[in-house]
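Colleague: I have the file open now. Could you walk me through the contacts and the overall arrangement?

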Amino acid sequence: IPASADRAYPYRTVGRLFLQLPSGPSSCSGAGVAPRLVLTAAHCVHSGSGFYTQFLFVPALRDGKAPFGSWTVRSIHVTADWLKKPSSPHPTDYALLEMNDLQGRRLGDVVGWLGVQTRSLYPNHVHMLGYPRGYDGGERMHQVTSGSFDLSALNTVLYGSDLGNGSSGGPWIQNFGERSAGQVAGTNGALNQIVAVSSFTLQDPATK
């Protein structure tokens, strides 16, 4: 993603989520969905036996620079189903982070936020964004555009992607971008709606 793009809306709503595991530092991805809320994956914040620590969300991170600041977490919300029996895959592998304000401003006032739309994952075509550590060490945002491939276990859906570790929690966005002048919305016309987050990976049988 060009530097001029990742600082523009809607790219800038997405960021890298730094955290501390018992084994050491790690990272995931996330996206703003309200003035003070960031959506990510549940497995990025809670192991099943306890919450991870030292969360820091950096929207539009690039090469160590935080153009919109670094945001700390006030509270974390996961589903009761995840707390009861986490797994991979899992139908509720998502979490909401409530962010502290930074210098008197809310996160959404600085970068904006994306919408959330349920029951629109299959069939669909989405824009996937995230910070996979396999590319650029997780220092740059990457994107994949992909269509739904197949239904999977536990109410999950498979899409093609090569984002990999670090992209967990990154948004899958329906109708990504800004509407062009004169463009007429179709029957599924809502812009920038998150329909899912990156949760787990399966190897394509054709590549084995």
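Modeller: Let us begin with a charged pair: arginine 62 and aspartate 6 form a salt bridge through their side chains, at 2.8 Å from N to O. Please bear in mind that this is a predicted model.

Colleague: Are arginine 62 and aspartate 6 buried or exposed?

Modeller: Both arginine 62 and aspartate 6 are buried.

Colleague: How many salt bridges does a search of the whole structure find?

Modeller: The search finds 6 salt bridges. One of them joins arginine 16 to glutamate 139, with the closest N and O atoms 3.2 Å apart. Arginine 16 is in strand β1 and glutamate 139 is in the loop between β8 (125-130) and β9 (142-151), so that pair links distant parts of the chain, 123 residues apart.

Colleague: Why does arginine 16 count as buried, and why does glutamate 139 count as partly exposed?

Modeller: Arginine 16 counts as buried because its relative accessibility is 7%, and buried means under 20%. Glutamate 139 has 24% relative accessibility and therefore counts as partly exposed.

Colleague: And what does glutamate 98 form a salt bridge with?

Modeller: Its partner is arginine 74, and the closest N and O atoms are 3.2 Å apart. Glutamate 98 lies in strand β6 and arginine 74 in strand β5, 24 residues apart. Glutamate 98 is partly exposed at 22% relative accessibility, and arginine 74 is partly exposed with a relative accessible area of 46%.

Colleague: Changing topic to the strands: in what order do they close into a barrel?

Modeller: The barrel has 6 strands in the order β1-β2-β3-β6-β5-β4, with antiparallel pairing. From one strand to the next, the twist averages 40°.

Colleague: What about the largest nonpolar core, and which residues have the most contacts inside it?

Modeller: That core has 23 residues, and those with the most contacts inside it are Leu17, Val45, Phe55, Leu97, Met99 and Leu107. The elements giving two or more residues to it are β1 (14-21), β4 (53-59), β5 (71-78), β6 and α3. There is also a second, separate core of 16 residues, which includes Ala5, Val14, Ala31 and Leu39.

Colleague: Which residues does phenylalanine 55 touch?

Modeller: Leaving aside residues up to four places away in sequence, phenylalanine 55 touches Leu17, Phe18, Leu19, Cys44, Val45, Trp71, Thr72, Val73 and Ile76.

Colleague: Next, the open sheet: what is its strand order, and what is the pairing?

Modeller: Its 6 strands follow the order β7-β12-β11-β8-β9-β10, and the pairing is mixed. The edge strands, each pairing on one side only, are β7 (115-116) and β10 (157-159).

Colleague: How does β7 pair with β12?

Modeller: β7 and β12 (residues 193-197) are parallel and share 2 bridges, with valine 116 opposite isoleucine 194 in β12. On another pairing, β11 (residues 171-174) runs antiparallel to β12 and is joined to it by 4 bridges. There, isoleucine 194 is the bridge partner of isoleucine 173.

Colleague: Is β12 mostly covered or exposed?

Modeller: β12 is mostly covered, with 5 of its 5 residues buried.

Definitions and conventions:
Residues are numbered from 1 along each chain as its sequence is written. This is a predicted model: local features need pLDDT of at least 70, side-chain atom pairs count only at pLDDT 80 or more; totals for chains, interfaces and linings use all residues. Side-chain values use heavy atoms; hydrogens and water are left out. Two strands pair if DSSP finds at least two bridges between them. Axes are lines fitted to C-alpha atoms, for helices over the stretch in contact, and angles run from 0 to 180 degrees between N-to-C directions. A nonpolar core is a set of buried Ala, Val, Leu, Ile, Met, Phe, Trp, Tyr and Cys residues joined through side-chain atoms within 4.5 Å. Buried means under 20% relative accessible area, exposed over 50%, partly exposed in between (1.4 Å probe, protein chains only). Contact means heavy atoms within 4.5 Å. A salt bridge is a side-chain nitrogen of Lys or Arg within 4 Å of a carboxyl oxygen of Asp or Glu.
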